[in-house]
Amino acid sequence: MAELLRLLLSVAEKAANVARVCRQEAALFELLVQEKTGADKNKKFVQDFKTLADVVIQEMIRHDVCAQFPELNGFIHGEESNKFENGLGESVTVTVCAHEEDTTALLAKVLDGDQAAASLLSKAIHQDLQLRDEAAESLQLSISPADVGIWIDPIDGTSQYIEGKEEEEPDEGFCPSGLPCALVLIGVYLRATGQPVMGVINQPFNRKDSTGKGWKGQHIWGVSYGDVNVCSFTRHRPSNPQKSECLSVLLSSSERSTVKDALTTLPNGSLMYASGAGYKILCVVQGLVDVYVLSEGSTFKWDSCAPHAVLRALGGGISDLSECLRARLKGHTAELTYHQPNNNSQGVDRWANRGGIIAYLDSSIIDKVVEALAGKI
């Protein structure tokens with residue numbers, strides 16, 4: 001299973017590189033954007049975008065993982081449909097072929113015969129990229145790949161990726177919007193219970209490179225299984241004791257006013273806002289905020305599986321907000337699981353976190369949030 005982690009770190013870095021290549025080539029990027037329609041449309045946004053980069057990254061990860069772990073075939077799930085329509089109205093099923101030239105030919109169909117763009121993308125997909133991480137390489141795990149499934153979000157925060165606001169993260173704090181909010185998320189869960197056990201978060205646009213034109217990324221991973229809880233990120237204690245007494249709550253800017261009003265009553269509470277579900281959970285992982293609260297069912301299993309596993313490795317978790325409110329549950333109860341679709345749902349709603357979510361490092365915060373929201377929503 002440690003071999004799977006090492007592979008996921010490498011394919012996530014390959015995915016990040018594809019995302020960077022697509023942004024660097026403006027003409028290529030303009031060709032990639034399509035709108036989601038029908039059952040694949042996320043209700044939260046008036047225009048929610050699907051990009052060829054999304055599909056290519058998802059299928060690249062599926063291809064590379066199944067090549068090394070064939071027992072995972074059929075258990076790698078993603079946000080995107082791999083059906084793409086070109087300018088001629090032709091429907092093309094995007095897959096990664098065994099040979100670079102075949103992938104180039106397939107992508108050229110999607111790109112209306114643009115051979116140069118297809119070749120550029122195919123080269124990034126087929127590169128032999130190995131990311132070295134000493135802690136991951138020394139990890140020992142007894143889980144069999146045949147017992148797990150995988151959720152992929154190829155580019156979480158697609159709208160921020162497309163808008164392309166080139167704002168770097170501050171040394172202390174987070175970006176409310178912009179390219180740093182776009183993440184590659186790969187989460188691993190147990191097929192039997194749905195418990196998230198491994199997560200890889202890759203941030204392709206973490207900081208500018210030395211030229212000031214390109215971007216460098218960063219990655220964080222976590223494993224939580226049995227008595228093994230290991231994370232590549234080390235939490236730092238706040239240097240200001242007064243700051244540790246504050247309760248910072250991260251929300252979506254589109255959160256309901258009733259929720260915002262209720263949470264303003266938290267003692268020493270402060271409300272903050274950022275884009276991207278995965279990025280908001282990453283802010284919790286990094287201790288930049290105490291909790292992320294979302295009252296609506298507008299996130300999905302692919303958004304939360306990877307960062308949920310990382311939070312568990314640090315002693316935190318992600319719970320179903322509605323369940324917490326309904327039962328006034330304490331601690332780690334009502335945690336999200338990832339193996340079963342929602343009943344009586346169609347399209348992406350089958351995998352929605354319908355009850356909303358609360359992501360935390362300290363489970364005692366759940367009680368404070370529940371108390372503030374009880375009877376208000």
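Reply: C66 comes out at 17%, so C66 counts as buried. C97 has a relative accessible area of 19%, so C97 is buried too. Keep in mind that this is a predicted model.

Me: While we're on cysteines, how many disulfides does a search of the whole structure find?
Reply: Zero disulfides turn up when the whole structure is searched.

Me: What does the protein average for pLDDT?
Reply: The average is 88, and 89% of the residues score at least 70.

Me: Where does pLDDT stay under 50?
Reply: Residues 43-49 are a stretch like that, and the model has 18 contacts for them beyond four places in sequence.

Me: On to the sheet. What's the strand order in the open sheet of six?
Reply: The order is β3-β6-β7-β8-β9-β10, and the pairing is mixed. At the edges sit β3 (76-78) and β10 (228-231), each pairing on one side only. From one strand to the next, the twist averages 15 degrees.

Me: How does β3 join β6, parallel or antiparallel?
Reply: Those two run parallel, with three bridges between them. I76 is the residue opposite I150 of β6. On to β7: β6 pairs with β7 in the antiparallel sense over seven bridges, and there G149 faces Y189 of β7.

Me: And at the β10 end, how many bridges are there between β9 and β10?
Reply: Four, and that pairing is antiparallel, with β9 covering residues 215-225. G222 stands opposite C231 of β10.

Me: Which strands does helix α3 lie across?
Reply: Helix α3 (residues 52-68) lies across β3, β6 (148-156) and β7 (183-190), and runs at about 150 degrees to β6.

Me: And α10, which strands does that helix lie across?
Reply: Helix α10 (residues 277-285) lies across β6, β7, β8 (196-208) and β9, running at about 75 degrees to β7.

Me: Why is α10 called largely enclosed by the rest of the structure?
Reply: Because nine of the nine residues of α10 are buried. Among them are Y279, K280 and C283, along with A277 and G278. Just after α10 comes G287, with a positive phi of about 75 degrees.

Me: Switching to charges. How many salt bridges does the count come to?
Reply: Eight salt bridges. As background, side chains of opposite charge can pair when their charged atoms come close.

Me: What does E59 form a salt bridge with?
Reply: With R62, and the closest N and O atoms are 3.2 Å apart. Both residues lie in helix α3, three residues apart, about one turn of the helix.

Me: E59, buried or exposed?
Reply: E59 has 7% relative accessibility, so E59 counts as buried.

Me: What about E137, which side chain does it meet in a salt bridge?
Reply: R132, at 2.4 Å from N to O. R132 has 66% relative accessibility, so it counts as exposed, while E137 is at 29% and therefore counts as partly exposed.

Me: Which residue does R312 meet in a salt bridge?
Reply: E335, at 2.7 Å from N to O. That pair links distant parts of the chain: R312 is in helix α11 (residues 301-313), and E335 is in the loop between α12 (321-327) and β15, 23 residues apart. E335 has a relative accessible area of 18%, so E335 is buried.

Me: You mentioned β15. Which of its residues are buried on each face?
Reply: I357 and A359 are buried on one side, and I358 and Y360 on the other, so both faces of β15 (residues 357-360) are covered.

Me: What pairs with β15 in the antiparallel sense?
Reply: Strand β13 (residues 291-294) does, over four bridges, with Y292 opposite A359. Strand β14 (residues 317-320) also pairs with β15 in the antiparallel sense over four bridges, and there D320 has I357 as its bridge partner.

How values were computed. Residues numbered from 1 in each chain as written. Predicted model: local features only at pLDDT ≥ 70, side-chain atom pairs only at ≥ 80, totals over all residues. Heavy atoms only, no water. Pairing = 2+ DSSP bridges. Axes fitted to C-alpha atoms, helices over the stretch in contact; angles between N-to-C directions. Contact = heavy atoms within 4.5 Å. Buried < 20%, exposed > 50% of the residue type's maximum accessible area, 1.4 Å probe, protein only. pLDDT = per-residue confidence, 0-100. Salt bridge = Lys/Arg side-chain N within 4 Å of Asp/Glu carboxyl O. Disulfide = S-S within 2.5 Å.
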